[in-house]
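Biologist: I am new to this structure. Please show it to me, and then I will ask my questions.

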Amino acid sequence: MMKNKNLIGGDKDLSAVLVIFGGTGDLTHRKLMPALYNMLLDGLVPENFQVVSIGRRDKTEEEYRNEIRISMEKYSRNKVDEKIWARLNDMIRYYRFDFRELDKYNELKEYLDGIDDNAGTLGNRIYYLAVAPEYFETIVVGLHRADMAKSKSSWRRLVIEKPFGKDLTTARELNQKLLEVFDEKDIYRIDHYLGKEMIQNIMVLRFSNSIFESIWNNKFIDNVQISLTEKLGVGTRGGYYEHSGAMRDMIQSHIMQILSLVAMEPPVNLKTDSIRSEKLKVIEAIEDINQEFLKNNVVFGQYGNGIIDDVPVVGYREEDNIPENSKTETFVALKLHINNFRWAGTPFYIRTGKRLGRYGAEIVIQFKDLPNILYFKDRNQEPNILVIRIQPNVGVFFQFNTKDFSTHHDIVTTKMDTSYVSPTQGNTPEAYERLIYDILRGDSTLFSRWDEVEAAWNVADKIIRYREQCKIELPNYAAGSMGPERAFELMAKDGRRWWNI
Ligand SMILES: NC(=O)c1ccc[n+]([C@@H]2O[C@H](COP(=O)([O-])OP(=O)(O)OC[C@H]3O[C@@H](n4cnc5c(N)ncnc54)[C@H](OP(=O)(O)O)[C@@H]3O)[C@@H](O)[C@H]2O)c1
């Protein structure tokens, strides 16, 4: 769908100014600008479209554009074509402004109105807050005071990066502040995982294939595993991560979203709210996770030093901006139950961590064994496994049993691997391309609605509170391993194992 040339090129209603607060930051350089470039290449940027990047640093428009050009060479998934770059170059403006100065928003308003007059952007705005979360509220208040948040004659949309709050209380407070200024339908809470092609494919796989949907339940599925594992450490983001940890960084957001897509009921139609309502029900159906349950069903870890890809790396506590007695978890393994008719009795195992021996995001569906008769009377049974691969390879893997043609009665496990795209084979759109395109079209299906965020915090908060109380010897896994021993025991005591396909 992203390949449709000139899909919206001439559509006047989509003319807009994208105002990026944090235009000199890492996210803008690495993700947002390359996404815009590739959207232009694919014909997905309307004719009258302008980008205003806001930062504090003193630089001319030309200097800013040159810096973006350098980032484009580094981060764009497509080679930079001079003609396309020239178009993006012409769209970009740099506006120097300290967004804490609330009395200066009137000047910004005038500046943006001037662009409307010259570039025909119709007063439509996307306010993209690519800034540290503590500034979300300040900027929204500034926009409100200068009467920039709503308009009778044009649309105004607010884009909020994660993290959305640091617990349920702060998330509620932030949400309240946003709703005082913007309507829920105009707030786009980014969870960039939802922009990934294979995440969107979960619904397509499930609801457009009778072979999957008819067995997608506790009668046929033994367990579901969701693993989001990284080889990277915290790098330069130690200051952020130390206050976030794996629970807030991965579980509350990405993993809850993936879980709800895997486990949801079919929506009554493909409208945004129908899908979001079904996703919400999954999170609400998660069995009450009290302290007693958590004692046996969650494992926290923190990496020590070790070796990744033959290179020695330091432990978490030796990273920049991390205190030497840090208790922050860089790994979580967790078992959850979704107590509804479809899933009661089928456990969901979740695993995420940094500095692990393997990089990847995948969902493993392990089907139940057949009775141990016939072929399996005196032979171990390899289960049927379906793997939805999100990254780095994108595709579907299926494992099933067939006859070994070289013998009379042996059975072999056959592996069917439909990698759509691998990093060496091709080029799928980046999540941010899809997300910016959807914001432009006013489609919020791939963004989190407030009640989904609230329900996810409700679950995550309980686990975070439990972690704060429990005494764990940290670090408890070596960089390059697949996490603490207890994460394997979590599976082994249920007679199961983590699949690394
Ligand atoms: N980077 C990522 O890969 C990533 C991934 C997911 C989510 N996020 C989220 O995206 C947001 C931005 O992250 P980032 O990594 O891009 O941060 P960053 O590199 O630290 O950039 C922060 C930006 O905010 C601007 N800024 C800060 N204070 C300002 C002020 N008072 N007035 C005007 N501008 C000000 C900075 O401008 P100056 O430098 O010019 O002062 C800079 O452009 C965060 O919420 C983060 O959690 C980032």
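**Loops, strands and a ligand**

Biologist: In which loop is proline 392 found?
Modeller: Proline 392 is found between two strands. Strands (E, at least two residues) and helices (H or I, at least four) are DSSP runs, numbered from the N terminus. The loop lies between strand E14 (385-391) and strand E15 (394-403).

Biologist: What kind of model is this?
Modeller: Residues are numbered from 1 along each chain as its sequence is written. Local features need pLDDT of at least 70, side-chain atom pairs count only at pLDDT 80 or more, and totals for chains, interfaces and linings use all residues, since the model is predicted.

Biologist: Which residue is joined to proline 392 by a cis peptide bond?
Modeller: Omega of this bond is about -5°. The partner of proline 392 in the cis bond is glutamine 391.

Biologist: Where is proline 475, and what is omega for the peptide bond from leucine 474 to it?
Modeller: Proline 475 sits in the loop between helix H14 (450-469) and strand E17 (477-479). The peptide bond from leucine 474 to proline 475 is cis. Its omega is near -5°.

Biologist: Is arginine 355 buried or exposed?
Modeller: Arginine 355 lies in the loop between E12 and E13. Its phi is near 55°, a positive value in a residue other than glycine. A residue is buried with 20 or more other C-beta atoms within 10 Å of its own, exposed with 12 or fewer, and partly exposed in between; C-beta atoms are placed from the backbone. Arginine 355 has 31 C-beta neighbours inside 10 Å, so it counts as buried.

Biologist: And leucine 374, buried or exposed?
Modeller: Leucine 374 is in the loop between E13 and E14. Its phi is positive too, about 50°, although it is not a glycine. It has 7 C-beta neighbours inside 10 Å, so it counts as exposed.

Biologist: Which strand does E7 join in the parallel sense?
Modeller: Strands pair if DSSP finds at least two bridges between them. E7 (residues 221-229) and E13 (residues 360-367) run antiparallel and are joined by eight bridges. The parallel pairing, over six bridges, is with strand E12 (residues 347-353).

Biologist: How many of the nine residues of E7 are buried?
Modeller: Strand E7 is mostly covered. The number of its buried residues is seven.

Biologist: Why is E11 called largely enclosed, and to which strand do seven bridges join it?
Modeller: Six of the seven residues of strand E11 (residues 331-337) are buried, so the rest of the structure largely encloses it. E11 also pairs with strand E8 (residues 298-301) in the antiparallel sense, over four bridges. There, phenylalanine 300 stands opposite valine 332. The seven bridges, again antiparallel, join E11 to E12.

Biologist: Which residues does isoleucine 363 contact, leaving aside neighbours within four places in sequence?
Modeller: Isoleucine 363 belongs to strand E13. It has 22 C-beta neighbours inside 10 Å, so it counts as buried. A contact means that two C-beta atoms, placed from the backbone, lie within 7 Å. Its partners are Val224, Ile226, Ile258, Val262, Val387 and Ile388.

Biologist: Which element gives the most to the shell around the ligand?
Modeller: 20 residues surround the ligand, the closest being Gly22, Gly25, Leu27, Gly55 and Arg56. Near means a C-beta atom, placed from the backbone, within 6 Å. Helix H1 (26-41) and strand E2 (49-55) each supply at least two residues. The most, three residues, come from H1.

Biologist: How far apart are the C-alpha centres of domain 1 and domain 2?
Modeller: Domain bounds come from an automatic or database assignment. This assignment gives domain 1 (12-161) and domain 2 (194-429 + 453-492). Their C-alpha centres are separated by 35 Å.

Biologist: What share of the 501 residues counts as buried?
Modeller: The C-alpha atoms fill a box of roughly 80 × 50 × 45 Å along the principal axes. The secondary structure comes to 15 helices and 17 strands. The buried share of the residues is 41%.
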